[in-house]
Structures are given as C-alpha cells and as structure tokens.
Amino acid sequence: MLRKIRQFFSRREEAPLPETALRWNRFIDEVCMGDGNDLTPAQRNAFLCFWYDAEVNNGGHGLYFDCHPEVSPDELADALRAVAPPAIAENFLSAVSGGDQDDYAEADRAYFDFSPSLIDCLQAYVEQRRAEIFNH
C-alpha cells in the first residue's frame, strides 16, 4: 500500500501557481526586499504594512518597534489606513502611546483578532493597485 501511495505522489505534477500568488511573490521580491526608498506612495504604503505585519507576527509590537525605529508612527498609521480598516491603525497608535506598559500584550491580542487580517487587506491592496505596484 505504501508503495502505491509513493507512486501516486511521484507521478503528480506540480500545479502552476495562480497569477495572484505569482504577483504576491513578485511584490515581496521587488518592493519589500529593498530599503523602502524610491517607492511610489502605493508601494511605500504596502512596504510599511508588509514589514509591520511580518514583525508583529514574528514577535509582537515590541519586535516591530525594535526592528523599525526609523519609521515614523504617523507614516505607518497613514499607510495602515490606506490599506486596511482604520481600527488596525488605531490599535497601532495605542501601542505607540502606552503599549509598553503591558509589554504590548493588549495591542498584540487585538492585532491577531482583526478580521480581515492586515495581510489579507494588503494582498487585496496589491491586487487593486497592481499597475502602480508593478510600475516597471
């Protein structure tokens, strides 16, 4: 039986990725892997939101603040408002203005409860603005 299962899986060809997944990978490679300079406003919003989401998912707001002290909280809040529901930006600003009192636990919990999540909103934002995101 195990032999038949192995044969079945070894014959399967990998399905090609959908266009949206290919564009998402391209967005990460071309926009997010740079230093964030020389980006269009739409690209900059997406860049800031991508790294905010990545850091909060990896270690909470504390990690985000440790890794990105150069980003203005107002700039990130504006980017969050451009990409996602305003509650995500308000939660971020709450973390900025006093989240360290509980080691960002409340802000982290609230962040993980948002639906749709920031990454879902960001993927939709990239798709809706793909002409500007991929301007070359």
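**Exercise 1. Determine in which loop Y104 is found, and whether Y104 is buried or exposed.**

Solution. Step 1: Y104 is found in the loop between α5 and α6. Helices are DSSP runs of H or I with at least four residues, strands are runs of E with at least two, and both are numbered from the N terminus. The model is predicted: local features need pLDDT of at least 70, side-chain atom pairs count only at pLDDT 80 or more, and totals for chains, interfaces and linings use all residues. Residues are numbered from 1 along each chain as its sequence is written, and side-chain values use heavy atoms, with hydrogens and water left out.

Step 2: Buried means under 20% relative accessible area, exposed means over 50%, and partly exposed lies in between (1.4 Å probe, protein chains only). Y104 has a relative accessible area of 14% and is therefore buried.

**Exercise 2. State what the phi values of Y104 and D103 are.**

Solution. Step 1: Most residues other than glycine have a negative phi.

Step 2: Phi of Y104 is positive, near 65°. Phi of D103 is also positive, near 60°.

Step 3: D103 lies in the loop between α5 and α6. With a relative accessible area of 62%, D103 is exposed.

**Exercise 3. Identify the residues that form a patch of negative charge on the surface.**

Solution. Step 1: A patch of charge is made of residues with over 30% relative accessible area and no salt bridge, like charges being joined within 9 Å. A salt bridge is a side-chain nitrogen of Lys or Arg within 4 Å of a carboxyl oxygen of Asp or Glu.

Step 2: Asp and Glu count as negative, and the place of the charge is taken as CG of Asp or CD of Glu.

Step 3: The patch gathers D100, D102, D103 and E106. Of these, D100 is found in the loop between α5 (86-96) and α6 (105-113), and D100 is exposed at 53% relative accessible area.

**Exercise 4. Find how many disulfides the structure has.**

Solution. Step 1: A disulfide is a pair of cysteine sulfur atoms within 2.5 Å.

Step 2: A search of the whole structure gives 0 disulfides. For C121, the nearest cysteine sulfur is that of C49, 9.2 Å away.

Step 3: C121 is buried, at 11% relative accessibility, whereas C67 is partly exposed, at 38%.

**Exercise 5. Describe the peptide bond from S115 to P116.**

Solution. Step 1: Most peptide bonds are trans.

Step 2: The bond from S115 to P116 is cis, with omega near 5°. P116 lies in the loop between α6 and α7 (118-128).

Definitions and conventions. Patch = residues over 30% accessible without salt bridge, like charges linked within 9 Å, V, L, I, M, F, W, Y side chains within 5 Å. Areas by Shrake-Rupley, 256 points an atom, 1.4 Å probe, with all protein chains shown as cover.
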